[in-house]
Amino acid sequence: MITRRLYRSVDSRLGTSGVLRRALAKVFPDRWSFMLGEIALYSFVSLLLTGVYLTMFFEPSTADTVYDGAYEPLRGARVSAAYASTVALSYDIRAGLLIRQAHHWAALVFVGAIVMHMLRIFFTGAYRRPREVNWLIGVTLLTLALLNGFTGYSMPDDLLSGTGLRIIHSVILSIPVVGAWLAFLLFGGEFPSEVTVPRLFVSHVLLVPAALVALISAHLAILVRQKHTHHAGRGNRDRNVVGSRFWPAYTLRSLGLLAGVLAVVFGLGGLVQINPVWIYGPFAPAQVTSPAQPDWYVAWGDGALRLFPPFEFTVFGHLVPAPFLPGVVVGGLTFTVLYAWPWIDRWRTGDRRAHHVLQRPSDRPGRLAFGAAVLTFFGVLLLAGGYDVIARFSGWSVTSVLSALRILVLALPPVVAAVAYLLARAVRAGRTAGVTDLTAADVRGGIAGETAEPPREPVGVIRLWRQPDQTWCWQWSAPDAEPLTSNERYLDRSEALRRARISYPDAPVEQTEPPVGWVWPVRHRPGPGSRVAAAVVVAALAVLRRRGRRGRGSGRR
């Protein structure tokens, strides 16, 4: 009762009922790959929840302090306040280690879900018009997620994260002309600086999260405004969306996914150790850990620095140091291509139409081959970011592992691209469901360049009928296809036909009797006895209410 009154009060002032009704009726496709974006969203929720807790105990300062906590090997040592508070979170604060490790795992899942979500968008062509703006927002979200992950990873001021900061400082210094100025601006002076950790803290807990919240809100608003894409299939067209309504089916499914993400994040935080800073020790400029590797989402940058030969050159009298090409150009070129990709694809194909039905990856063999080559390239760089770890556990020498990875980073991407291209052409030639269904004839046809005729969507027929309560419904049916029946009733025939034409503009129309099993219940009007009983109940309630008012009035006197 209280909730209903509150809703009516808000609706009478803001008129939210129409907006809410349309939002609850929005349809989302029933496919697991569309949940990758929600995994990223719920990982971000986990980051916010755990980050608020950690902020209460972390001290963003490099001031010297004497550690006197529960960790015996470090007791009495002079360390920075940031490092001491991180170790205290792990050993002295109740649930501190659980929350800290869950926060770290949530960051890994967050970036991984964004990458998987963008790969789904890339290989299915979901970046095409009219969704270029959402693609740009997604690339920016990925950039900010990488930045925030690195700043959070670097704040504890331990030896491993300090080494990573020193590498980033060197990469920024390698930028010709402006590198020294940028390094001084970002780090507050020569490295290490007393203001570096406080600046990382402000960026990590305030600036970047605010930008992430704003971009995620814009991303969701555009998604709702434009409607969701869906995969090709019978009845799936650019003018409709086939799936489940937001309420209740999709809402319950999404809440279940939220609970699953939280369970996984906190399960990993409680059972799997990550970033044990008490083992690494406090940061010291003259020391470095070995073997050492960063988190996976920035390991490719470290791998590029390790694989690239020490090549330096001069441009207009300015020295370009060795870290510039692998540390700045590789990452800068990658994100430039990502931002420009919708327009590169439009220029390549000449397709300027709006699309709401997704492509199969095999429909565009060239795009699939390019994406597979880029993923292979960055996969080898990611492995190179831990080549010292590989050498330690494999028993090979560091030089042998480095030489093998240098060969693989150049030779493996073209091979993977060629295989992906031929398999995509074979799938397209045979029109099979996937690679596992390919036959030898399909492979030969793909190599020869043969293509099968794409299956034509059956035109089908639209059937209209009048319900016993004088409302209208429609159903689309075609041979060898499941019939699709409207889940709404319309007051007149023209409105029902107009709604059916939105999804199936070319199908012929026929008027028929209601199909078996789809007759809506008839609304019966109450009889005379029911009306009399209702009048008696209303009169009794009125009398009781009046007596209650009189009783309260006499009590006041």
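Which residues does Ile-114 touch, not counting residues up to four places away in sequence? Keep that question in mind while you look over the whole model, which is a predicted one.

**The whole chain**

Begin with everything displayed as a cartoon, where the secondary structure comes to 19 helices and 12 strands. The protein has 557 residues, and buried residues make up 41% of them. Among contacts between residues at least 6 apart in sequence, 69% join residues that are at least 24 apart.

**The largest nonpolar core**

Next, select Phe-110, Ile-114, Trp-135 and Leu-142, which, of the 48 residues in the largest nonpolar core, touch the most other members. Several helices each supply at least two residues of this core, among them H3 (36–55), H6 (132–154), H9 (196–226) and H16 (398–430), while H5 gives the most, with 13 residues. In soluble globular proteins, nonpolar side chains tend to be buried together.

Now zoom in on Ile-114 to settle the opening question: setting aside residues up to four places away in sequence, Ile-114 touches Ala-40, Leu-141, Leu-142 and Ala-145.

**A serine in helix H3**

Move to Ser-46, which is found in helix H3. Is Ser-46 buried or exposed? With a relative accessible area of 0%, Ser-46 is buried, because buried means under 20%. Show the residues around this serine and, leaving aside neighbours within four places in sequence, you will find Ser-46 in contact with Ala-106, Val-261, Leu-262 and Val-265.

**An enclosed helix**

Select residues 81–91, which form helix H4; 10 of its 11 residues are buried, so H4 is largely enclosed by the rest of the structure. The buried residues of H4 include Tyr-83, Ser-85, Thr-86 and Leu-89. To see what covers these buried residues, colour H3, H5, H9, strand S2 (64–66), strand S3 (78–80) and helix H11 (277–280), which are included in that cover.

**A nonpolar patch on the surface**

Finally, turn to the outside and select Val-177, Val-178, Leu-182, Leu-185 and Leu-186, which form a nonpolar patch on the surface and together have about 450 Å² of accessible area. Within this selection, pick out Leu-185, which is found in helix H8 (residues 179–187). Why does Leu-185 count as exposed? Its relative accessibility is 58%, and Leu-185 therefore counts as exposed, since the cut-off for that word is over 50%.

Terms used:
Residues are numbered from 1 along each chain as its sequence is written. This is a predicted model: local features need pLDDT of at least 70, side-chain atom pairs count only at pLDDT 80 or more; totals for chains, interfaces and linings use all residues. Side-chain values use heavy atoms; hydrogens and water are left out. Helices (H or I, at least four residues) and strands (E, at least two) are DSSP runs, numbered from the N terminus. Buried means under 20% relative accessible area, exposed over 50%, partly exposed in between (1.4 Å probe, protein chains only). Contact means heavy atoms within 4.5 Å. A nonpolar core is a set of buried Ala, Val, Leu, Ile, Met, Phe, Trp, Tyr and Cys residues joined through side-chain atoms within 4.5 Å. Patches are made of residues with over 30% relative accessible area and no salt bridge: like charges are joined within 9 Å, nonpolar side chains (Val, Leu, Ile, Met, Phe, Trp, Tyr) within 5 Å. Accessible areas come from the Shrake-Rupley method with a 1.4 Å probe; for residues, only the protein chains shown count as cover. A salt bridge is a side-chain nitrogen of Lys or Arg within 4 Å of a carboxyl oxygen of Asp or Glu.
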